[in-house]
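Here is a report on one protein chain. Keep the sequence and the 3D view side by side as you read.

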Amino acid sequence: MNRDAFILTVTVPPSLEDALVDCLLALDWQQGFSSFSANVHEHNIQGLSLAEQVAGHQRKLRFQMYVEKQHVPALLARLKQEFAGSGLQYWLVPAIEQGVI
């Protein structure tokens with residue numbers, strides 16, 4: 001079990017896709033990341049369009065990346081600075097294992 005690494009998941013509105021991609025690609029230590037569309041279902045409908053309210057979800061983009069422990073503080077500080085007030089949501093969970101088969 002590797003307790004020195006994490007999986008960072010970030011969810012952003014589509015309007016922030018390019019900015020977040022540029023931010024993550026600028027990290028000289030990153031080993032790559034994944035991005036994909038996500039339908040976000042929340043009880044708070046404030047800010048949702050009428051179509052999103054009817055559909056019951058909002059389209060967002062989700063990014064995931066493997067982050068070694070020593071990079072976490074600087075990465076979170078950078079995200080908080082560059083995306084302050086943007087609605088970016090993130091989760092940081094321990095990576096149990098990593099490998100390529």
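Residues 24 or more positions apart account for 80% of the contacts in the protein with a separation of 6 or more. Contact here means heavy atoms within 4.5 Å. The model is predicted: local features need pLDDT of at least 70, side-chain atom pairs count only at pLDDT 80 or more, and totals for chains, interfaces and linings use all residues. Residues are numbered from 1 along each chain as its sequence is written, and side-chain values use heavy atoms, with hydrogens and water left out.

**Overall layout**

The protein has three helices and four strands. From the N terminus on, they run β-α-β-α-β-α-β. Helices (H or I, at least four residues) and strands (E, at least two) are DSSP runs, numbered from the N terminus.

The protein has 101 residues, and 31% of them are buried. Buried means under 20% relative accessible area, exposed means over 50%, and partly exposed lies in between (1.4 Å probe, protein chains only). The protein exposes about 6800 Å², and carbon and sulfur atoms supply 52% of that area. Accessible areas come from the Shrake-Rupley method with a 1.4 Å probe; for residues, only the protein chains shown count as cover.

**The sheet**

In what order do the four strands of the open sheet stand? The order is β2-β3-β1-β4, with antiparallel pairing. β2 and β4 (89–94) stand at the edges with a single partner strand each, so one side of each has no neighbour in the sheet. Neighbouring strands are turned by 25 degrees against each other on average, direction ignored.

Two strands pair if DSSP finds at least two bridges between them. Strand β1 (residues 5–12) pairs with strand β3 (residues 58–68) over eight bridges, in the antiparallel sense. In this pairing, Ile-7 stands opposite Tyr-66 in β3.

Helices pack on the sheet too. α1 touches β1, β2 and β3, and its direction makes about 5 degrees with that of β3. Helix α3 (residues 72–82) touches β1, β3 and β4, and its direction makes about 10 degrees with that of β1. Axes are lines fitted to C-alpha atoms, for helices over the stretch in contact, and angles run from 0 to 180 degrees between N-to-C directions.

β2 and β3 also run antiparallel, joined by eight bridges. Here Phe-36 stands opposite Arg-62 in β3.

**The core**

In soluble globular proteins, nonpolar side chains tend to be buried together. A nonpolar core is a set of buried Ala, Val, Leu, Ile, Met, Phe, Trp, Tyr and Cys residues joined through side-chain atoms within 4.5 Å. The largest one here has 19 residues, and Leu-8, Val-10, Val-12, Leu-20, Leu-75 and Leu-79 touch the most other members. β1, α1, β3 and α3 each supply at least two residues of this core.

| Residue | Relative accessibility | Class |
|---|---|---|
| Lys-60 | 8% | buried |
| Ala-38 | 10% | buried |
| Gln-30 | 17% | buried |
| Arg-62 | 24% | partly exposed |

Start with Ala-38, in strand β2. Leaving aside neighbours within four places in sequence, Ala-38 is in contact with Gln-58, Arg-59, Lys-60 and Arg-62. Its C-alpha atom is 9.7 Å from that of Phe-63, 25 residues apart along the chain.

Lys-60 sits in strand β3. Beyond four places in sequence, the contacts of Lys-60 include Thr-11, Pro-13, Ala-38 and Gln-89.

Arg-62 is in strand β3. Which residue's side chain does Arg-62 meet in a polar contact of 3.0 Å? The partner is Thr-11. A polar contact is a pair of N or O atoms within 3.5 Å; within protein, one must be able to donate a hydrogen and the other to accept it, and residues adjacent in sequence count only if both atoms are side-chain atoms.

Gln-30 lies in the loop between α1 (17–25) and β2 (33–40). A polar atom of the Gln-30 side chain lies 2.4 Å from the backbone nitrogen of Gly-32. Gln-30 also touches Leu-24, Leu-25 and Met-65, again setting aside residues up to four places away in sequence.
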